Amino acid sequence: MKAVFSALCLALTALSAAEAPLHPALDGKVVTGYQGWFRAEGDASGLGWVHYGPGKRFSTQACSFDLWPDLSEFPPDERYASPFKFADGRTADLFSSVHPATVRRHFRWMKDYGLDGAMLQRFAVGLGKGRGAASLDVVLRNCTEAANAEGRSLTVMYDLSGLTPERFPLVAADWRQLVAAGQTKQPCAQFHQGKPLVALWGLGFNDRAPALKEWAELLADIKATGAAIMVGVPTYWRELKNDSLADPALHALIRQADIISPWTVGRFGDPRGAANLGRKVWIPDAAWCRAEQKTYLPVIFPGFSWSNLSAQRGKQAKLDQIPRLGGRFLWAQAVAAREAGAKTLYVAMFDELDEGTAIMKCGGPRPIGNFVDLSDVPTDHYLWLSGQAGRMLRGEIPASTDLPKR
């Protein structure tokens, strides 16, 4: 009888272990935003050039990204010929976010450099039917398979930018479909406090329709699925100023979430600005979150540049607008976040070439064109440095303001 009881206990223990999530918490982790929005002429999406330039008009005179990716490791089947040429006349190639081998390569880089996972942008304006929506599903499937294979976590992040109020119900409906299809049962699924995590980005910014009623309904609908929620909010959400709505009702909505992540990209431009923001904003933000029993997730970014994108919008912007300073800018933010008590970090972004915040392998040989020069460091420098930020958070290396050395 005792032997039977012992065997039953072992079986139950094995069952519980099998059901336990592989990624139960964010503490001590560094995650990165993954846009997955690049399409190339000739790829499986059939959409032509997307996010590299204005569709069929993509050319050396009409492009919308400032960083050139390093494709030196890419085989021919992952490369797509662009209109750009190197100085020696060779064609410069680009990648597609719908190619499964490319996505796998990106997640392998995350693993190689110590990034714990990704938050995949699922753009709400693209939900529904059509080739655009289908390609979003392809990207999600590829990211899920890659994250599973490389042991990285994956969080679905709905970016609500540009979503009109009447289309808000599409987000909850899409999430319910993903849950029903087993997305939260995948080994890569990120959990928080025992619940699968989903992120909703874009609450409370003053440059878009407030849609507070729609946000309230969305938050309630998502919570009803049993998920934990992260909300992406403005930098000054707590004080209800600057980039934030000035409506006190915003705080009531934010309290419905489990994780609060303020968007700080472009809000300061040098290491001193990062330190000041850390003292004046992040420290009191984190205190507010502790009092409300919320998790605080600061956003850090390596630099910023959107000269080509601005030109496509009829505006002018300086190339390399916020210089990376060889990594000192990113590292200053990581140190400031740790001093504010952050236990996890969100690095914006893995593959954001358009606004010059990508940490993926970039730089190296650049074609002739208006692109940021990152030749002061190896092309993998910002991947490596992001991994070092995770080591600092976990206490594996000192929290020094000095840049780590390789």
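Gly53 is buried, with a relative accessible area of 12%; buried here stands for under 20% relative accessible area, exposed for over 50% and partly exposed for anything in between, using a 1.4 Å probe and protein chains only. Gly53 sits in the loop between E1 and E2. This is a predicted model, in which local features need pLDDT of at least 70 and side-chain atom pairs count only at pLDDT 80 or more, while totals for chains, interfaces and linings use all residues. Residues are numbered from 1 along each chain as its sequence is written, and side-chain values use heavy atoms, with hydrogens and water left out.

**Around Gly53**

- Setting aside neighbours within four places in sequence, Gly53 is in contact with Phe58, Ala62, Cys63 and Ser64, where contact means heavy atoms within 4.5 Å.
- From C-alpha to C-alpha, Gly53 and Phe350 are 19 Å apart in space, and they are 297 residues apart in sequence.

**Around Ser45**

- Ser45 belongs to the loop between strand E1 (30–34) and strand E2 (80–85).
- Ser45 counts as buried because its relative accessibility is 11%.
- The side chains of Ser45 and Asp43 make a polar contact at 2.7 Å. A polar contact is a pair of N or O atoms within 3.5 Å; within protein, one must be able to donate a hydrogen and the other to accept it, and residues adjacent in sequence count only if both atoms are side-chain atoms.
- A polar atom of the Ser45 side chain also lies 3.1 Å from the backbone nitrogen of Leu47.
- Beyond its neighbours within four places in sequence, Ser45 is in contact with Arg39, Val98, Arg131 and Ser135.

**The whole chain**

- The protein chain has ten helices and twelve strands; these are DSSP runs numbered from the N terminus, with helices (H or I) of at least four residues and strands (E) of at least two.
- The radius of gyration of the protein chain is 21 Å, close to the 22 Å that the globule rule gives for 406 residues, so the chain is as compact as a globular protein of that length. That radius is taken over C-alpha atoms, and the rule is 2.2 Å times the number of residues to the power 0.38.
- Along the principal axes, the C-alpha atoms fill a box of roughly 80 × 50 × 45 Å.
- Of the 406 residues, 56% count as buried.
- Among contacts with a separation of 6 or more, 74% come from residues 24 or more positions apart.
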